[in-house]
Amino acid sequence: MADPLMYLLDAVAYAGIFGILSISLNFEYGYTNLANFGKVAFFMIGAYVTAIMSSLKYPFIVNSILAILITGVIGVLTSLPALRLKEDFLAITMITLGEVMKLIIKNEEWLAGGVWGISGIAPAIVIPGLTFRERLIIQIALIYGILIACYFICELIVKSPYGRVLKTIREDELIASTYGKNVFKYKVQVFAVGSAMSGLAGGLFAQYIGTVNPYMFEPTVTFAIWMMVILGGPANNLGAILGAFMVEGFQRSSRLLKDYLNLPLDPVNLQVMLTAILVITVVFYRPQGLLKEKIKPYEGSLHKIIASKFMEVKSWIRRS
Amino acid sequence: MINWLQVLMNSIVWGCMYMLATVGLSLSYGLSRFPNFAHAEYITFGAYMAFLFLVVSNLDIYLAVGLAVVLSAFMGGLSYLILFKPLKSRGASLVHLMVSSIGLGFLIRHFLMQTFGGGIQSFRIVWPTISIGPIVTTPLLLAILIVALVIAFSLHILLTKTKLGKAIRATADNPELAAASGIDLNKVSLFTWSLGAALAGFSGIFLAMRSSLVPLIGWKVLLQTFAITLLGGVGSFYGVLIASFILGLSENVGVVILTWLGLSADYRSAVAFIILVATLILKPEGLMAVAKRRA
């Protein structure tokens, strides 16, 4: 890497794309307790829809709307059989869905270029006569624009009465249905929104990288997104974005560290092993994540808040 | 002209391999109440350990396989003792247990990739072919058949006739009641996890010897093992027994149909996905739960 700034900007762009994925998973898992272990499938479908449409010379706006629609519909269709059951059934269905989707994309060469994938995807915003660095900055502006939009959409939803229903479903489905809420309907809607958001992130990813192939969408991607949400703090959208930055930074620095220290390890293996150890450590010692969910913020007098913080720290020390 | 007897033979052999691979997953799922996604990596682990002893250290084949199976059992027991038992006692949620099991799986797989390399390895054994009537087979496939039948029979004896087996079934049924009647949950869980990982390792060795050894060997049958677990009914040994042969048969018939339709034979694992989804829609509690209720 000749230009360290470029490496940094690339990391920032990646973190933005993964931030969108992380927010979408947070919406599903953090607020509604839907264990979607197939995030990579929707990310991949979004990327491929954008890539295929782009090779047919459609503009990015059309591609991303189509990506959102298709991933949303696939999300609903595949989640229907599992949503009425416990969360482990959804997890199993989704983790296997990712494999089946990859199987289809690898085998149907006429549709998606098989194992070679699709290359030459046009970027979303083309302004002729710019340097590489300027184009990268435009990309980052686009990605962060969408990230911020997704953040505000999610915040609006979860702070509304609708969001309170979701949190009730997360805590106890029986209570939600006792109050006459159709739990199943809410879950399907959340899944559709979450999947569509991942599809959008996939579209951004495809136009940013310019090429897609099935090997980019390994289950490790899903695991990284889960890592971001769990590390950042479930049910906290800022935490999800923070988690995306931290995991991206962690993965990049583990790669750099390997280069500088000249360790006799494969960078991918090292990265995955360290990520796995980190996630297990977080689940062990800080299961609520770095940023906790804000329940009734800024209520009560100051000494009450301090007292509750003190109790939190005490209980945390006792547990670890 | 399709040799249907050969298709049947292949189905039975695949059913045996799936059965060995899945028993542990289903039993530990029933006992500890969460799907262990690292189970696929016990399969990989067993295969690589056999490779280590057989090809690298050049040991006798029976000794190598035995050592690999023992090490797999050790791996399963260790992951329960070090990771899942403390997590459960801390009151970790179902999702946290699943996430950490995925993490453990990646840790094992990438550790193996780091140690043995990510490429294709081979056991360098050439199996002679045997023809029985219209069926062509190899000593390895016959060995799989015999081993699986012996193991299935001994598991049946274990689960129905011995105290330990009865304790396993009682714990899977109702952990609180089992604990109240003096069953040591820890001992039972540890035994089940070790046994399950040992059988998974065994199936991994067979899978690797049948074709070749790659780090994804376990992950590739993850879909099948979960389809069998759900179809058979979580925690039910007899369910696994029936479901693995159903899956073996439908996959092999599926391949015949796929080639007839002119589609890639890679889609055979999509058969498992269809079975999984159909189970969730039609009978989420699995096949054996039905039998239990009627009895």
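Of the 295 residues of chain B, 54% count as buried, where buried means under 20% relative accessible area, exposed over 50% and partly exposed in between, with a 1.4 Å probe and protein chains only. This is a predicted model, in which local features need pLDDT of at least 70, side-chain atom pairs count only at pLDDT 80 or more, and totals for chains, interfaces and linings use all residues. Side-chain values use heavy atoms, with hydrogens and water left out.

Me: In which helix of chain B is confidence lowest?
Reply: The predictor's confidence in each residue, pLDDT, runs from 0 to 100, and its mean over chain B is 88. Helices here are DSSP runs of H or I with at least four residues, strands being runs of E with at least two, numbered from the N terminus. Helix 3 (residues 61-89) of chain B has the highest confidence, at 93, whereas the lowest, at a mean of 58, belongs to helix 12 (residues 287-294) of chain B.

Me: What is the radius of gyration of chain B?
Reply: Chain B has twelve helices and two strands. Taken over C-alpha atoms, its radius of gyration is compared with the globule rule, 2.2 Å times the number of residues to the power 0.38. That rule gives 19 Å for 295 residues, so chain B is as compact as a globular protein of that length, its own value being close to this at 19 Å.

Definitions and conventions
Residues numbered from 1 in each chain as written. Chains lettered and ligands numbered in written order.
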